[in-house]
Amino acid sequence: MTGMHTEAPPTRRPVRQLLAASVGNAVEWYDWYAYTFLATYIADQVFPESADNSLVPLLSTFAVFAVGFFMRPVGGLLMGAIADRRGRRAALTVTILLMGGSSLLVGLTPTYAAAGVLAPVVLVVARLLQGLSVGGEFAASTTFLVESAGPGRRGLFSSFQYVSTTAGQLVASGVAALLVNTLSEERMNGWGWRVPFVLGAVLSLVGFWIRQGAQETRSAEQQKAPRPGLFEALRRHPRESLLICGITAGGTIAYYTWTSYLPTYAELNTGLDKADALLAGTISLAFFALLQPLGGLLSDRFGRRPLLLFFGVGFALLSVPLLHSLRDSFAVLLLVQCAGMILLTGFTSISAAVNAEIFPPRVRAAGIGFPYSLTVALFGGTAPYVGTLFKDLGHAGLFPWYVAVLCLLSSLVYLRLPETAHKELER
């Protein structure tokens, strides 16, 4: 999985490197998750309501959410190729500008009442661009973070992938909760839901400025080498590509269920107040962000595989009882979310390091980006839609089993995964 060390540019300013990756990544994910937290408002304004089923607009909104995910593998491949050919910093610059533009487009999407079918078309285009950007962001920032780490610190640096992702999600959740609690329903439906997306476009410019000072992590030897082909990672490393799919499947369904969909799931299945659900989500996300560096440090000390198994086996056994225990209670939802966050840290805190340690530097970004984003699209992006669809079909109780089975399958992969925590990273 790793080879002989080759010369890489020294990372003189590790804190600056972390900031460049983290701030941009946080802005990217703020834009992405604002859509999830405001899904019910977008549904009311952009999609026509069915006379037969009030869940149709919400289902349509989550379907567009899933469509955005299916652009992520394309983004992972294209932006990963830019990172492998032109450098990690160049790819990170492109992704954040693309996200800013697409966020602004969501904020300016017309209502169905004003523009008819053009409204959902504009929304779909915006989500496709966001998907392209986010897929590329993970590929480039994962590689950039892990390559910036000093000896014995790859797990710690890796954890900032989800510290920053969660920070962006936390701000999105907080902004949504603030708007819901301060604006009337009429104002939220009229213009309030647009505010977070316009703000996201502004924040993207801030992230762009910070990333201009980042140091390139691709070694001088790799910069001089012939540029890899677009599909070289898939063609030359099929086993590694499949391995990333297996590692990611359980992690992505658990992640998107617990960090994005759970407030909506609680609303649909327990009748919990929307504002309470958003507030519980915000508090649990703050708790989750604090756990990430601890998980990264533990993996640097004890290895990646123990943490992955803690996550996978834990979710396989506890997903069903945790989700079935939800009630029309703020306290119960918060406890269920925090319990899941503890287990989830076993995956999220080291995901970037595990992925980067699998591929050689020549195709590392594209090699990670495509299979990871494809798996996230298949199982993570569809989680809100599948959960809402089960509810619509009268089988809401099946969704927790769906989560548990995927986590069990990933656990089987973790059992056979070679330990890479204490091996030198090829540069």
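Q: How many positive and negative side chains does the protein chain have?
A: There are 31 positive and 25 negative side chains in the protein chain. Lys and Arg count as positive, Asp and Glu as negative, while His and the chain ends are not counted.

Q: And how far apart do the centres of the two sets lie?
A: They lie 11 Å apart. Each charge is placed at NZ of Lys, CZ of Arg, CG of Asp or CD of Glu.

Q: What kind of model is it, and how are residues numbered?
A: This is a predicted model, where local features need pLDDT of at least 70, side-chain atom pairs count only at pLDDT 80 or more, and totals for chains, interfaces and linings use all residues. Residues are numbered from 1 along each chain as its sequence is written, and side-chain values use heavy atoms, with hydrogens and water left out.

Q: How many helices and strands in the protein chain?
A: It has 20 helices and zero strands. These are DSSP runs numbered from the N terminus: helices are H or I with at least four residues, strands E with at least two.

Q: How much of the protein chain is buried?
A: Buried residues make up 60% of the 427 residues. Buried means under 20% relative accessible area, exposed over 50%, partly exposed in between (1.4 Å probe, protein chains only).

Q: Take helix 7. How many of its residues are buried?
A: 25 of the 31 residues of helix 7 are buried, so the helix is mostly covered.

Q: What span should helix 7 have?
A: It should span 45 Å at 1.5 Å a residue, and its end C-alpha atoms are 44 Å apart, which agrees. The expected span is 1.5 Å times one less than the number of residues.

Q: Which residues of helix 10 are buried?
A: Pro-196, Phe-197, Gly-200, Ala-201, Ser-204, Gly-207, Ile-210 and Arg-211.

Q: What covers them?
A: The cover includes helix 1, helix 2, helix 5, helix 7 and helix 8. Contact here means heavy atoms within 4.5 Å.

Q: New topic. Where is Arg-85?
A: In helix 4, residues 72-85. Arg-85 counts as partly exposed because its relative accessibility is 32%.

Q: How far is Arg-85 from Pro-228?
A: They are 143 residues apart in sequence and 6.9 Å apart in space, C-alpha to C-alpha.

Q: And Gly-397, where does it lie?
A: Gly-397 lies in the loop between helix 19 and helix 20. At 35% relative accessibility, Gly-397 counts as partly exposed.
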